[in-house]
Amino acid sequence: MALPTMTRVSPADPGDIPGGADPLGVESPGQPTSGQLFVRRVVGHGSFVFAATIIVGIILMALLAPWLAPHDPYNQDLGNRLVYPIWTENGTWLHPLGTDALGRDYLSRVIYGSQISLIIGFTAMTISGLIGTTMGVLAGYFGGRVDMVVTFLLTTRLTLPVVMVALALVVVVGGSLYTVILVLGFLLWDRFTVVMRSTTQQVRSLDYVAAAEAIGCSTRRIILSEIMPNVLGNLLVIATFEVAHSILLEAALSFLGVGVQPPTPSWGLMVAEGRDYMLFEPYLIMIPGFCIFTLVLAINMLGDGARDILAPENRS
Amino acid sequence: MLVFMARRLFVAVLVAFTVSVIAFSLMRISGDLAVMLAGEDATAEQVEIIRERFGLNRPYYIQYLEWMGKAVQFDFGESMFYPQSVSSLIVDRITNTLTLAGFGLAFALSLSIPMGVLAALRPDSWIDRLALTIAVLGQALPGFWFALILMFIFGLYLGMFPISGSDTYWHFVLPAISLGYYSTPAVMRLTRTGMLEVMSSDYIRTARAKGLHTGTILFKHALRNAVIPVVALSAVQFGNMLGGSIVTETVFQIQGLGKLAYDGVLKNDFPVVQAVLLLVAVFYIVLVLLGDLLNAWLDPRIRVG
């Protein structure tokens, strides 16, 4: 494995530390190891650290939901309908973010809603990532007919309007958490394929792949241990963006009433439920919408940061 | 060039064919359409009548061939819900969607091209950063939420624009912004990269050295070349808007193709869903081809290469 590490696509080049610290070591006497440089690049990247903090926070919120939520998110209390949040005059600490039209505690629903978004984002991305990466790497490595077939499938997929197809599929199969995950997983593989195909094409023409072919490595071995480790950086970046993409689409489908079904607290569904009250109770649409926005923004910033950190030479 | 175009055309027809098969199968994958149409408490005879009435008892490939045979003549059969033929429904609704997407694209271009140019002229300045921020924020905004916020602020609170329907052009302002905003990041980035590349080229340096006016250099020499790829991208974005207008049309109650498909899906109106899906996909294919053609026409280098 010495060969691939030496010719990595994303070399830990000391000249590229963001922040311009002298790599030749004002403070450290010896040459810093590539690991140290990597950590420095991560810590030195402000927006990456900021985004990561938000995401870790939201993940913790999802994991600790049963302990964090002050009330049962499903518990209706019609005597306490539409209680305003704490920053308004009539707010009460009993319901810091108020209650919805059925008297359910909004803070608890927001906390539990993070579980839905995260589960859908990660699982849908895993499915689409497996499909898209397989297709992209195979097309990039073999070229020729394989590439033609993959490109054709890709063109067809890009021609289909995602929301419309997802909508029809979810309705036909029946809306639930699982169908939304499957539908998104089987629809959103296009970007994985595009990026993995071109990255593999680049890596494929490098010397060490030719060397591996020359010493008679099997195709399987070349793809798994020569190609894959070197396209991993790009894969990680796309995967991050696709988590965000899936979360946005789930929210849209749930908003349209065909995604996650009530009474499950999905942020998109909460916006839909609050819509009828938006004139006098705007917090009902503002709070869950802002949650989606924050989570997606943080994930996208994480992806942008990861791209800078993994491949500093590609920074524009 | 001719061979290249013929090849593209062949692939486009093949893609359109595949899409038509997908559109046809989409509403049928869950099983028996007749059972779905008949409803929950229908008897076996009633299901049989429906199967007979809509020809659902014939083999799938016969049903597909009949549907395609009529579809190429723009006949998509009768709607299950509206007392109208699907093609007349589409003709009724398509103007609204085209208007919406047209305004949306106009909004996106008028915001993103100037921003992209300014960002490229002063890299790393505050305006570059502002452009980047708008792009990053725009990609994270959930479309339906942005639409509701626009509706809340400019419709309900300030009362500047109507918030539902499609009677006048004023009705399209907020929907067009909410739909068009999603195309701004891509167009802005492409304009910025194109401008940066062109501005550092030799002929711009020559033009500067000749002492030409900055304005002349910018608009006559640089911008013209920088926006060539934007033309093709705009065509693709327009296609995306036609297919992606479901959320916007639902929020603002615009009777367009997206709303038609949405209602059709909810009401099991399969002839409508099939037709809209196929139509939007064909529009997209044609727009992408058109974009490539325009690109080749505007930039002779593509034709040679």
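User: Which residues of α6(A) are buried?

Analyst: An α-helix has 3.6 residues a turn, so residues three or four places apart point the same way. In this predicted model, the buried residues of α6(A) are Val150(A), Leu154(A), Thr156(A), Arg157(A) and Thr159(A). Helix α6 of chain A covers residues 144-159, 16 residues in total. From first C-alpha to last, α6(A) reaches 23 Å, close to the 22 Å expected at 1.5 Å a residue.

User: Against which helices do the buried residues of α6(A) pack?

Analyst: Both chains take part. Within chain A, the partners are α5 (106-142) and α9 (190-204); from chain B, α1 and α15 pack against these buried residues as well.

User: How many residues of each chain are in contact where chain B meets chain A?

Analyst: On chain B there are 36 residues in contact with 31 residues of chain A. Several helices of chain B each supply at least two residues to its side of the contact: α1 (2-26), α6 (126-140), α7 (143-157), α12 (228-244), α13, α14 and α15. By class, that side of chain B has 29 nonpolar residues, 7 polar residues and no charged residues.

User: How is the packing of two helices to be read, and at what angle do α5 and α15 of chain B cross?

Analyst: Two packed helices are described by the angle between their axes and the distance between the axes. The axes of α5 (residues 86-121) and α15 (residues 270-298) of chain B come within 10 Å and cross at roughly 55 degrees. That angle makes α5(B) oblique to α15(B). The crossing of the two helices is right-handed. On the α5(B) side the contact is made by Val86(B), Leu89(B) and Ile90(B); α15(B) contributes Pro271(B), Val272(B), Ala275(B) and Leu279(B). By class, this contact has 7 nonpolar residues, with no polar and no charged ones.

User: What angle and distance describe α11(A) and α12(A)?

Analyst: Their axes come within 7 Å and cross at roughly 35 degrees. This crossing is right-handed. From α11(A), the contact involves Glu250(A), Ala251(A), Ala252(A), Ser254(A) and Phe255(A). From α12(A), it involves Trp267(A), Gly268(A), Leu269(A), Val271(A) and Ala272(A). By class, the contact has 7 nonpolar, 2 polar and 1 charged residues.

User: Where is the cis peptide bond of Pro262(A) and Pro263(A) placed, and what is its omega?

Analyst: Most residues other than glycine have a negative phi, and most peptide bonds are trans. The bond from Pro262(A) to Pro263(A) is cis, with omega near 10 degrees. Pro263(A) is in the loop between α11 (219-255) and α12 (267-274) of chain A.

User: Where in chain B do Phe74(B) and Gln253(B) lie, and what is the phi of each?

Analyst: Neither residue is a glycine, yet phi is positive in both: about 60 degrees for Phe74(B) and about 50 degrees for Gln253(B). Phe74(B) is found in the loop between α4 (60-71) and α5 of chain B, whereas Gln253(B) lies in the loop between α13 (246-251) and α14 (257-266). Phe74(B) counts as exposed because it has 12 C-beta neighbours inside 10 Å. Gln253(B) counts as partly exposed because it has 13 such neighbours.

User: Is Lys220(B) buried or exposed?

Analyst: Lys220(B) is exposed, because 12 other C-beta atoms lie within 10 Å. Lys220(B) is found in helix α11 (residues 214-226) of chain B. Lys220(B) and Leu2(B) are 218 residues apart in sequence and, C-alpha to C-alpha, 31 Å apart in space.

Note on methods: Residues are numbered from 1 along each chain as its sequence is written. Chains are lettered from A and ligands numbered from 1 in the order in which they are written. This is a predicted model: local features need pLDDT of at least 70, side-chain atom pairs count only at pLDDT 80 or more; totals for chains, interfaces and linings use all residues. Axes are lines fitted to C-alpha atoms, for helices over the stretch in contact, and angles run from 0 to 180 degrees between N-to-C directions. Helices (H or I, at least four residues) and strands (E, at least two) are DSSP runs, numbered from the N terminus. Angles under 35 degrees count as roughly parallel, over 145 as roughly antiparallel, 65 to 115 as roughly perpendicular and the rest as oblique. A crossing is left-handed if the near helix is turned anticlockwise from the far one by less than a right angle, and right-handed if clockwise. Two residues are in contact if their C-beta atoms, placed from the backbone, lie within 7 Å. Ala, Val, Leu, Ile, Met, Phe, Trp, Tyr, Cys and Pro count as nonpolar, Asp, Glu, Lys and Arg as charged, and the others, Gly among them, as polar. A residue is buried if 20 or more other C-beta atoms lie within 10 Å of its own, exposed if 12 or fewer, and partly exposed in between; C-beta atoms are placed from the backbone. The expected span of a helix is 1.5 Å times one less than its number of residues.
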